[in-house]
Amino acid sequence: MSITKRGPGQWLVRLRRKGHSFAQTYSTYEEAEREEARVKAEMTGGRYADRRQEQDTPLSVLLERYLEEETPKKKGAKQETNVVKAWLRSDLARLPVASITPRHIAKWRNERVRAGRAPSTISNPMNTLSAVFKTAVTEWGYNLTNPCTGVRRPTPRPPRSAYLAAEHETALLGVCREPGRPEWLLWVVRLAIETAMRQGEIRRVRWEEIHDWGIHLPKTKNSEPRDVAVTEAGRRTIMEMRQALGHLSAERDGYVFGHPDLPVADGGFTIDQVAYHYVKAMKESVRRTGMPRLTFHDLRHVAITRLRYVHLDAMDLSKTTGHKTLTVLARYDNERPENRAAAIRERERALKAKRTGITK
């Protein structure tokens, strides 16, 4: 008998044939029986590969190596660091990588679904863990099957719809320019509304990248450069921002708002800094006007919905917004149905007038 019980939830599979040996513990008899059959077949068919490295290596080793070698290369290194560290605190981190199966990943997912976690806060860590296993196989020489492959991610929530009425925009900008708030807050919010740039892109803008036609972004979320052509309102925002903040260029190393990769104490301009002051301004705007509460990223929805009217088509708009697929871009176009109906009727009237003119 090659399967023996070693204790509560401990089933040992031990095999030896054709010069190969195998010993591994599993938490259920069914899993042990399934692995026993697989290994026997591989040994008999001459396909068996020694997996002692995988059996002796806990997931924590792969996670720590990934955190050291791969995460620093990422644009979102800070966020990914938090995700990997969360996996390091999980029960899975102590298991040998050879023993981690899709069943473990599905169990982890289901626990979080029951706890009411948002789909994205479940899917994103699963995707990160999948990347760790993929790197272990393709770069580090581990003989593994990625346990995240094929495990269903939670169904995403419907895309957000964000609207900012003119009176609410006026109120928000008024709060942002009040004494006691950071001088940069007004300009960061105006740039977001007028250009549809992401927060990370705004934080990285340098004065030398600002032109009369708009802003050149040498590196974006997609790791590719992009030119953001601006409307007349956007150009006006840039000119006024230059008058208000241009004198600070030298002390900010050429950045408009501060170095995006340094802490605040060292003259940096961080994600947390923007989030903190924007949320305070938004809460005050909501209190005064009753306007719907918008996240900073919602301003990108607002901007894209407005910019659609001054672009030729969705492809033209994507050059400004930086979207790689029109499907994703469509999630940001939150046009109100009454505005869409008005636009359709206006085009209808123009078409009828053109036809009437041709007839005459």
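Analyst: Helices (H or I, at least four residues) and strands (E, at least two) are DSSP runs, numbered from the N terminus. The model is a predicted one, in which local features need pLDDT of at least 70 and side-chain atom pairs count only at pLDDT 80 or more, while totals for chains, interfaces and linings use all residues. Residues are numbered from 1 along each chain as its sequence is written, and side-chain values use heavy atoms, with hydrogens and water left out.

User: How many helices and strands does the protein have?

Analyst: Counting the runs defined above, the protein has 15 helices and five strands.  The radius of gyration (taken over C-alpha atoms) is compared with a globule rule of 2.2 Å times the number of residues to the power 0.38. For 360 residues that rule gives 21 Å, whereas the protein has 28 Å, so it is more spread out than a compact globule. The elements asked for are 15 helices and five strands.

User: What percentage of the residues of the protein count as buried?

Analyst: Buried means under 20% relative accessible area, exposed means over 50%, and partly exposed lies in between, with a 1.4 Å probe and protein chains only. Of the 360 residues, the part that counts as buried is 43%.

User: Which residue forms a salt bridge with Arg-65?

Analyst: A salt bridge is a side-chain nitrogen of Lys or Arg within 4 Å of a carboxyl oxygen of Asp or Glu, and this rule gives a count of 25 salt bridges. With N to O at 3.0 Å, the partner is Glu-69.

User: Is Glu-70, the partner of Lys-73 in a salt bridge, buried or exposed?

Analyst: The closest N and O atoms of Lys-73 and Glu-70 are 3.5 Å apart. Lys-73 counts as exposed, at 60% relative accessibility. Glu-70, at 16%, counts as buried.

User: How far apart are the closest N and O atoms in the salt bridge of Glu-232 with Arg-235?

Analyst: These two residues are three apart in helix H10 (residues 232-245), so about one helical turn separates them. Glu-232 is partly exposed at 47%, and Arg-235 is partly exposed at 26%. Elsewhere, salt bridges that share partners join Glu-178, Arg-181, Glu-284, Arg-287 and Arg-288 into one network. For Glu-232 and Arg-235, the closest N and O atoms are 2.8 Å apart.

User: How many disulfides does a search of the whole structure find?

Analyst: A disulfide is counted here as a pair of cysteine sulfur atoms within 2.5 Å. Cys-148 is buried, with a relative accessible area of 1%, and Cys-176 is buried at 2%. The number of disulfides found in the whole structure is zero.

User: Leaving aside neighbours within four places in sequence, which residues is Asp-298 in contact with?

Analyst: Asp-298 has its place in helix H12 (residues 298-307) and counts as buried, at 1% relative accessibility. From Glu-183 it is 115 residues away in sequence and 22 Å away in space, C-alpha to C-alpha. Contact means heavy atoms within 4.5 Å, and with the sequence neighbours within four places left aside, the residues in contact with Asp-298 are Arg-160, Ala-162 and Arg-293.
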